[in-house]
Amino acid sequence: MTRRSGLHLAPALTLALMLGPVLAGLLGTLAPALGLFPALGGTEISGAPFMKLIQWPGLGPAVRLSMTTGLLATLLSLGITAVLLAAWHGTAAFRWLERALAPLLSVPHAAAAFGIAFLIAPSGWIARALSPWATGWQYPPDLLIVQDPWGIAMTMGLVAKELPFLVLMALAALPQAQPGRSMLVAQALGYGRMTGWLKAVFPRVYAQIRLPVYAVLAYSMTVVDVAIILGPNTPPPLSVQVVRWMSDPDLTLRFQAAAGAMLQLALVLAALGLWRLGEGVVARLGHGWALRGGRGTRDGALRFLTMGVGAASVAAILLGLAGLALWSVAGVWRFPHLLPDTLSLRSWARHGPGLSDPALDTLWIAAAATLIALALVVACLESEHRYGLKTSTRSLWLLYLPLLVPQIAFLPGVQTLALMLGGDTGRGAVILSHVVFVLPYVFLSLGDPFRSWDSRHATVAAALGASPARTLWAVRLPMLLAPVLTAAAVGFAVSVGQYLPTLLIGGGRVQTLTTEAVALASGGDRRIIGVYALAQTGLVMLGFAAAIAIPRVLWRNRRGVKEG
Amino acid sequence: MPQTGLILDTLCILKQGAPLITLNARIDPGEVLTVMGRSGVGKSTLLAAITGTLPPAFQLRGRIVLNGTDITAAPPQTRHIGILFQDELLFPHLSVGGNLAFGLPATVRGRAARRARVNAALTDIDMAGFADRDPATLSGGQKARVALMRMLLSEPRALLLDEPFARLDADLRSQIRRFVFDRAQRLNLPVLLVTHDSADARAAGGKVVELKAP
Amino acid sequence: MTGGYLMKSLIAAAAIAASATPGLSDPNPGDWSAVVAEAAGQTVYWNAWGGSTATNDFIRWAGDQVKSRHDVTVEHVKLSDTADAVSRVLAEKTAGKDQGGAVDLIWINGANFAAMKDKGLLFGPWAQSQPNWGIVDVDGKPAVINDFTVPTDGLESPWAMAQVVFYYDSARLPEPPRTMAALADWAAAHPGRFTFPQPPDFLGATFMKQALYGMVADPAVLQRPVDHVDYTAATAPLWEFLDGLTPHLWRQGRAYPQSGPRQIQMMADGEIDLAISFSPGEASTAIANGELPDTVRSFVMEGGTIGNASFVAIPYNANAKAGAMVLANFLLSPEAQARAQNPDVLGYGTVLAMDKLSAEDRARFDALELGIATLSPADLGPALPEPHPSWMVQIEQDWTAKFGVAK
């Protein structure tokens with residue numbers, strides 16, 4: 001048997017790195033929720049924080065909003081993903097959509113939300129395009145479209161941003177479901193395209209993308225930036241209210257905030273439980289539907305409807321971004337003018353020079369966090385390959401914990417912990433905190449390509465006298481260069497987008513494009529928001545572009561290397 | 001003088017404690033042992049045991065002895081056992097020359113010397129001037145020859161063949177088959193061939209063992 | 001809800017003067033030349049709200065100045081909320097990190113100051129030891145030593161004066177309403193054209209305190225903690241006023257802007273005609289930056305508007321206390337004050353007394369053009385003192401219960 005190097009410790013080390021902060025952070029939040037916070041005079045356990053939370057008059061609506069927007073956004077994203085794939089996968093139109101969706105991943109959530117807000121607001125681009133000639137509006141109408149109390153705008157914004165993620169996740173999972181053969185059989189049996197796909201292929205795809213779906217659910221329920229921009233405020237969803245309490249001048253509200261964070265965690269767990277129950281119900285209903293044998297051959301209209309929805313969500317983000325880009329070079333731009341009255345580079349001249357420092361910091365932090373995450377993920381996968389450590393299937397759940405536990409529920413605890421350990425507030429601590437969130441996504445992206453690599457190449461290499469290390473570095477990683485770089489680009493994007501970890505762990509001293517953008521965005525000036533949204537998006541796109549370009553250049557004469 | 005050849009001494013592969021394959025055989029240098037059996041009977045598992053890449057779900061009993069050395073527990077890369085699969089498995093990111101150089105032992109030092117050995121090997125298989133080619137652009141027969149040559153350059157002391165001719169069309173199959181067996185014989189290697197094609201067994205000309213599910 | 005937990009601690013804080021014992025290594029503000037010497041080479045992390053480009057530019061300029069004069073490097077930590085810095089200091093105290101903290105200087109006032117003072121999170125007293133303290137207008141602007149009625153006790157140093165003004169687009173609204181009653185009537189006639197930042201944003205709370213000033217019989221009650229007076233009776237007219245006004249607000253009061261500057265974008269978009277600001281020069285600065293049309297003007301309500309001061313404070317565990325003091329002292333210099341008052345830069349009021357300045361320094365102020373939408377000091381009128389912080393806390397809470405949760 002093979003001698004064991006330090007590699008077999010990789011899964012345990014990775015889990016410790018992932019779970020340590022989350023569990024310690026949760027304890028650090030649970031304590032004040034139970035009244036323990038010595039610096040604020042909380043020295044004994046009390047139920048007061050939860051009592052105060054229950055007495056807050058907005059609790060009911062805030063909890064309801066958290067649940068409805070989260071569940072609805074996930075349901076819609078998943079539903080649209082399913083019917084979109086069912087209706088169009090494998091067609092030329094779908095390939096076009098796929099190409100349009102991929103870059104959308106690189107648009108930061110906040111930037112996408114600002115763009116969509118500008119698009120749909122009563123004073124926004126759509127209203128401007130129709131005014132005054134069609135609507136007669138000289139001034140924007142007083143309509144509650146953005147920040148509506150039902151959270152519809154917020155749900156739509158989340159769907160537009162999560163749809164690309166789920167579609168790409170499903171596409172990655174598709175090859176294992178062998179849709180081509182199944183569809184051939186289904187269509188030979190006389191099934192319509194969509195019905196056949198949903199009955200024969202989707203159940204297997206769903207089993208593969210279940211974890212990403214849960215991540216979307218947890219994220220949608222706990223999101224803060226998108227909720228502030230598009231969500232209601234009277235009251236806001238619970239996550240936003242918790243952040244508000246955390247940043248209230250009245251420090252005693254920290255107890256209530258901690259209790260709210262714990263409630264948020266309970267809500268996410270409840271929603272996940274509900275979702276699992278729903279899975280069972282849908283599976284039983286779907287089974288019955290499949291067995292009844294309906295062929296559903298007249299699905300033409302529905303197909304075009306789904307394409308419309310898919311295209312609309314792509315357009316919403318791209319147009320929103322275009323709107324922000326235009327704002328960044330706008331001088332005066334009054335309603336109802338479709339285009340700026342004057343153009344000016346003033347915003348770029350003013351903020352451009354200030355962009356370079358945070359952009360460089362963002363780059364270093366994201367690069368370092370991605371590299372660490374990549375090294376750990378490759379070490380885990382390689383040790384799985386070498387030693388057959390199959391435990392990782394179950395522990396994968398644990399890797400997802402940082403994505404399933406609301407950030408606000410454990411990050412303040414992590415901050416206190418880092419300070420207690422004497423950890424400095426510099427970039428190092430921030431990088432490690434980013435790794436916690438970057439790693440699950442890197443694992444998610446790289447796991448399948450890494451595992452599906454033909455391991456006979458390793459046998460051949462070993463037979464040729466290559467050590468496992470040489471096989472990894474000289475054969476496996478070069479062959480997997482494209483998926484490795486794609487995973488790196490995804491991790492890079494996740495790191496660039498981190499706000500709370502950077503702010504809390506960095507003590508405010510580590511400034512990235514995202515912390516700067518959120519601070520500046522609190523002023524609401526679309527010109528500045530435009531500049532920073534473009535800078536953020538540009539940096540992330542650079543990562544994706546590199547992930548596509550490098551393998552193409554390196555392997556330009558190697559047709560046999562599959563592209564990621 | 002130590003015993004030469006490949007000895008599979010009361011080999012038994014178990015899956016979850018249940019015996020899957022048992023084999024007791026001795027292959028002399030230059031001899032071919034053909035192992036036949038229906039697909040799914042565990043032929044590839046047998047080869048994995050010999051190359052040292054048996055998945056952890058299996059256990060191995062018995063001994064594997066190569067030229068007098070017990071290699072049962074040796075790491076794969078030190079066993080000096082070459083293997084060819086039905087796919088050529090040329091490394092797609094390396095050139096044809098790069099693939100051959102990968103097999104060349106590190107003891108051949110110096111860029112020029114390694115390059116010369118690679119070029120000589122290419123000439124040997126009638127593919128002179130192919131060193132910088134992308135393996136994906138080769139014909140099936142060329143790929144098969146490069147794969148064999150890559151394996152031989154690593155100076156193996158035994159050769160395993162995992163249905164290496166199954167993918168080739170009939171014409172090419174006999175040609176490549178002859179090429180492989182000739183080379184192995186010239187180098188006096190013990191060869192273990194796994195196949196379900198009786199024509200392969202006939203061409204090999206050696207002993208034939210039928211692998212059966214227990 | 002009657003939550004008065006903060007109030008009680010505030011009363012305690014007012015009764016017991018803050019007694020932060022200086023650490024062994026702390027600089028002695030009384031020995032200024034030693035402070036300046038220690039400051040050289042230090043890096044000061046100034047935590048200040050980063051939502052305004054104008055302020056950010058000013059902070060960068062101030063940093064460049066103290067770098068070249070005193071070799072003090074200033075890093076602006078741009079906050080989306082001042083409380084983030086308070087949280088940071090609090091987390092450090094929880095973790096027992098009593099030295100080398102991440103925050104050196106905070107832009108602060110009002111409730112944040114009261115909370116930090118109360119919890120012993122501030123270094124000092126040091127403000128009165130600054131060389132430039134002598135030219136501060138303590139007599140004419142009592143707000144510089146009473147932050148929302150809480151005595152500063154030298155724990156924070158003022159650097160700008162602010163006063164409530166309203167700005168409006170004269171192209172759409174020729175004659176703005178100048179009393180709260182007139183505002184309510186105008187809003188009823190023009191629904192959806194006015195709003196205020198959602199409390200607990202300080203500007204929204206300020207709007208209500210401003211309205212309250214015109215409605216209480218005796219404004220002196222506002223200077224006392226709410227549980228020392230008949231709060232219910234005093235605020236009854238305010239809630240009546242808001243009950244009438246809210247349905248006529250932008251979006252019928254079902255959504256609010258989340259910050260003051262957000263109103264600038266809304267006015268530029270034509271969504272509102274009238275907005276509240278705490279900076280008399282804000283509209284002029286926005287016009288200069290192309291963010292507002294040049295038809296925007298400012299006005300104040302009859303009877304005067306609330307004024308307060310902005311301060312900087314040093315946390316008890318700050319890493320670069322000497323550097324922070326040097327920076328604070330520079331902010332009080334006539335040069336920095338005149339620059340802050342320039343409407344093309346910030347348009348903030350100065351905290352200095354003109355009659356204590358040299359003729360040369362006074363000329364810096366005289367040379368300033370106020371800007372098209374800025375009121376002259378005479379038009380601005382006298383500043384009303386901020387009510388006791390407990391008013392803000394209680395009004396915010398009650399507003400949230402009455403209007404902040406959609407029914």
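Of the 214 residues in chain B, 41% are buried (20 or more other C-beta atoms within 10 Å of the residue's own, with C-beta atoms placed from the backbone; exposed means 12 or fewer, partly exposed in between). The model is predicted: local features need pLDDT of at least 70, side-chain atom pairs count only at pLDDT 80 or more, and totals for chains, interfaces and linings use all residues. Residues are numbered from 1 along each chain as its sequence is written, while chains are lettered from A and ligands numbered from 1 in the order in which they are written.

Chain B contains six helices and nine strands (DSSP runs numbered from the N terminus; H or I over at least four residues for helices, E over at least two for strands). Its C-alpha atoms fill a box of roughly 50 × 40 × 35 Å along the principal axes. The radius of gyration of chain B is 17 Å, which agrees with the value near 17 Å for a compact globule of 214 residues (taken over C-alpha atoms; the rule is 2.2 Å times the number of residues to the power 0.38). Among contacts in chain B with a separation of 6 or more, 72% join residues 24 or more positions apart (a contact means C-beta atoms, placed from the backbone, within 7 Å).

Chain A touches chain B through 24 residues, which meet 25 residues of chain B. Helix 20 (456-463) and helix 21 (468-479) of chain A each supply at least two residues of this side of chain A. Helix 20 gives the most, with six residues. By class, this side of chain A has twelve nonpolar, eight polar and four charged residues (Ala, Val, Leu, Ile, Met, Phe, Trp, Tyr, Cys and Pro are nonpolar; Asp, Glu, Lys and Arg are charged; the others, Gly among them, are polar).

The contact between chain A and chain C takes 53 residues from chain A and 60 residues from chain C. Helices of chain A that each supply at least two residues include helix 15 (346-387) and helix 25 (526-554). The side of chain A that touches chain C has 24 nonpolar, 19 polar and ten charged residues.

Helix 15 and helix 25 of chain A also meet each other. Their axes come within 10 Å and cross at roughly 35° (lines fitted to C-alpha atoms over the stretch in contact, with angles from 0 to 180 degrees between N-to-C directions). Residues of helix 15 in this contact include Trp348(A) and Leu355(A); those of helix 25 include Val531(A) and Leu539(A). By class, the contact has eight nonpolar, three polar and one charged residues.

How values were computed: Contact = placed C-beta atoms within 7 Å.
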